[in-house]
Structure formats: structure tokens, C-alpha cells
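Colleague: I have a new model open and I'd like to learn how to read it. Could you take me through its sheets, helices and cores?

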Amino acid sequence: MKLASLLSRTPSAQPGISGVARVDRRIRDLVKRVSPGDIAVIDQVDLDRASADALVQAQVAAVINAAPSISGRYPNLGPEVLLKAGVPLFDNAGREVLHRVRDGSMVRVHENTVYVGRREVATCVVQTPESVADQIVEARAGMSAQLEAFSANTIEFLRRERSLILDGVGVPDLRVSLADRHVVVVAPGPGHAEDFHALKRYVRRHRPVLIGVERAADTMRDLGFSPDVVVGDPTTVEASTLTAASEIVVPAQPDGHAPGVERVQDLGIGAVTFPATANPEDLALLLTEAHDADLVVTVGFQATLREFLDSGRSGSNPSTFLTRLKLGTRVIDGKAVARLHRARAPRTSLFVVLALLAVAVVALVLVGLDAGYGAVVADWWNAAVDWVMNLW
């Protein structure tokens, strides 16, 4: 048989899920290299929601986790997110899988076995919605330990960032005025695009200052609004969004180094740095407090206790807790604002106004009044149109 004919043969389909392996312990780095249909090979105990969301958005075909995705320390959210999105999760494959599966190689998972070619490289646990639900119930007992750790971390954070939290030392000046204005801060949390879309009517009516945190700034642009201020690593934001913003605030490390500031400089635009160990969304809130915003509406921030204690946020939870305390009654969740602005005028009122206007127009046409009366009716009509438009 000719060699060319052998090479042209299509191999028979193998059972299971196959794809190009992308191997990395850091999910934030891994998703930058993933293409739709790839298989992510990770090593993360207690897979958190933010990491799972990133994998779902990258459209991976499956996830192989070398570590237990739920260790039992507390009920983390990542496994639920993956399975609800239809992404299979193969769990607890052992750390050897990170060395046996090369980045960029073809990998196949069938039942509970991982293959590279015909070679078995690892066995794993196939997670299902039922198995995850059972483990979550058992993990709830770990909540008390998480709360104790949170208390200790909060004290340590306050000791380290006391001058920032209590006195606002280090908060940069902004060209955009926030004083006595409404401010909407959008973070790239779960459902932030839908929640911001629900606020469109509020934004158009009140014209608040818009602050986008990292890729949430791109979401604002996609929905037809340019952020006034962008906070976070500039490498996570589209160039068109950065150039459209009035102000860019780049978080800096305690030594003054600001990762990603070179991207802003390459675009030929200015930026200010914010030296602190808090996460970008908390820095955005501290900006609003230090610059005397009247009301702060948050979108894409964690809302439940499980989200707050999720392992991917454990290092930044103290800053979030203390920042919320500092803002006090000035901060309100965007979902609540959207509900308040969903009210509609009764349909009967709308029909009555339109009917009266129609009668007036018909009377004008039939009677043939002069231009002065026509101008009056035209003013009525324009006012009515504006009133109806404001209902939406």
C-alpha cells in the first residue's frame, strides 16, 4: 500500500471528548491561550466562580483538574458554573497529569480515563450535577472556618492599609468630577452585562459618571456607553475603550510598579496609578468615596455569602468588606435601582393622553385654525412625545 494513501486515511472516531490540551496552573494565563474546543488542564483546589466563568467564556470543551475542585473546606461555586454551562469537569486527576500532558498535544477523555494518543496518562473523577450538589452540602460545614480566616485576614489588611481605608491616603486625583454626582461602577462579575443593560433607563435619565473595572469597561462600550473612568490592568481592556475614556486608573504594587501601564503609554494616552493591595473594584469604590460622590450604584459585585467567601476572592475579601463599610449608605446594588426604574405609567393614562392629542389634531384640520393655534398644538404634541419616551 502506498504511503500517501496511508497518510490520507481519516482515523476512526474515538469515544469520549477530544481536543488540544492547554496546560497551566494559572487559569488567568491559560485562558489567554485557549481556543474554542480546547481542553483545559488545570491544578486548582476549590475551583472558584471567577475562574470557572473565565473557562466558560473561553468556550473550552472540557476541564481536567489535577486537584479536587471541591475540597470540602467550604461550598465553592466553580464546579456548578461549569456544569450548568455544559462544560464537563474531570476532577482529581493527580498532579502527574500536568507533566504527562504536554501543552498543545491532543488529549482525549473517555469515562474516567485521560489518554494521550493510545496511552493512558491519568484517571479522574467525573463530576455530575448530583455529585457536586452532594459535596456542596457536606462542604457547608466548612463555612465557620472560612469566617474565622476572614476575620484574621481583615485585621491584617486593616493593619497594612490603615491609612488608605481610614484617611484616603494614596487615592489619586481625577480630572473627572465625582462630587455630588451619581456614579455607576461596573465590575466584571457574573451577569454584569445583563445587569448594566437593565440600568440603561436610569443612566440616560440621571447621566451618572460611569466607571468600568477592567473588561467591564468593554461591556459598557458594547452596550453603547463610553466609560468616563477605567480602573484596572489596561492589558485586559480593548484599546478603543481605553482611548475613549476620560481617565485611566492603574493599580500599583506597594513598590510603585504598575503592571500594564506600558500599554497605556504605547497608546499615547495618560494614566494615574493607585498604589494599594485591594482589588480593582474596591479601588474604584474608594475613588468614589474620596471624591465625594453622592450615590454609588454597583454592578457585577458579589452579592451572596457564598460568592463573598469564594476561594478566588479570599485574599481580597477584607478590602471589600471594609470598603463597603466606608461608603455606608451611599452604595446601592444595581439590581435594586433597575427594579425602581421599571415602573410604568398605567396604560389607561397613556391611551387618554394620546386620544386627547388625536382629537386636538383632528379639530385643527377640520376647523382650519390659524398658525398661532397650530404652534400651540405642536408644542403640546412635542411635550406629549417627550413624556411618553421618558416612560421607557
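Colleague: Let's begin with β3 and β4: in which sense do they pair, and over how many bridges?

Modeller: Strands of a sheet pair through backbone hydrogen bonds, either parallel or antiparallel. Here β3 (residues 62-65) and β4 (residues 89-91) pair in the parallel sense, over two bridges. Ile 64 has Phe 90 in β4 as its bridge partner. Two strands count as paired if DSSP finds at least two bridges between them; strands are DSSP runs of E, at least two residues, and helices are runs of H or I, at least four, numbered from the N terminus.

Modeller: A word on what you're looking at: this is a predicted model, where local features need pLDDT of at least 70 and side-chain atom pairs count only at pLDDT 80 or more, while totals for chains, interfaces and linings use all residues. Residues are numbered from 1 along each chain as its sequence is written, and side-chain values use heavy atoms, with hydrogens and water left out.

Colleague: Which sheet do those strands belong to, and what is its strand order?

Modeller: They sit in an open sheet of eight strands with mixed pairing, ordered β7-β6-β5-β1-β2-β3-β4-β8. At its edges are β7 (119-123) and β8 (125-126), each pairing on one side only. In total the chain has 19 helices and 15 strands.

Colleague: What about the sheet of seven strands: what are its order and pairing?

Modeller: That one is open too, with parallel pairing and the order β13-β12-β11-β10-β9-β14-β15. Its edges are β13 (272-275) and β15 (331-333); each has a single partner strand, so one side of each has no neighbour in the sheet. From one strand to the next, the twist averages 25° (axes are lines fitted to C-alpha atoms, for helices over the stretch in contact, and angles run from 0 to 180 degrees between N-to-C directions).

Colleague: Which strands does β14 pair with?

Modeller: Strand β14 (residues 295-299) runs parallel to β15, joined by three bridges, and parallel to β9, joined by five. Follow Val 297: Val 184 stands opposite this residue, and in β15 its bridge partner is Ile 332. Thr 298 has Asp 333 as its partner in β15.

Colleague: Now a helix. How many residues of α14 are buried?

Modeller: In helix α14 (residues 280-290), 10 of the 11 residues are buried, so the helix is largely enclosed by the rest of the structure. Among them are Glu 281, Asp 282 and Leu 283. The helix lies across β9, β10, β11, β12 (247-252), β13 and β14, at about 160° to β10.

Colleague: And what is in the largest nonpolar core?

Modeller: A nonpolar core is a set of buried Ala, Val, Leu, Ile, Met, Phe, Trp, Tyr and Cys residues joined through side-chain atoms within 4.5 Å. The largest has 30 residues, and Val 185, Ile 211, Val 231 and Phe 274 have the most contacts inside it. Helix α14 gives the most to this core, with five residues. Leaving aside neighbours within four places in sequence, Val 231 is in contact (heavy atoms within 4.5 Å) with residues including Ile 211, Leu 283 and Leu 287. A second, separate core of 20 residues includes Val 34, Ile 42, Leu 47 and Ile 136.

Key. Buried means under 20% relative accessible area, exposed over 50%, partly exposed in between (1.4 Å probe, protein chains only).
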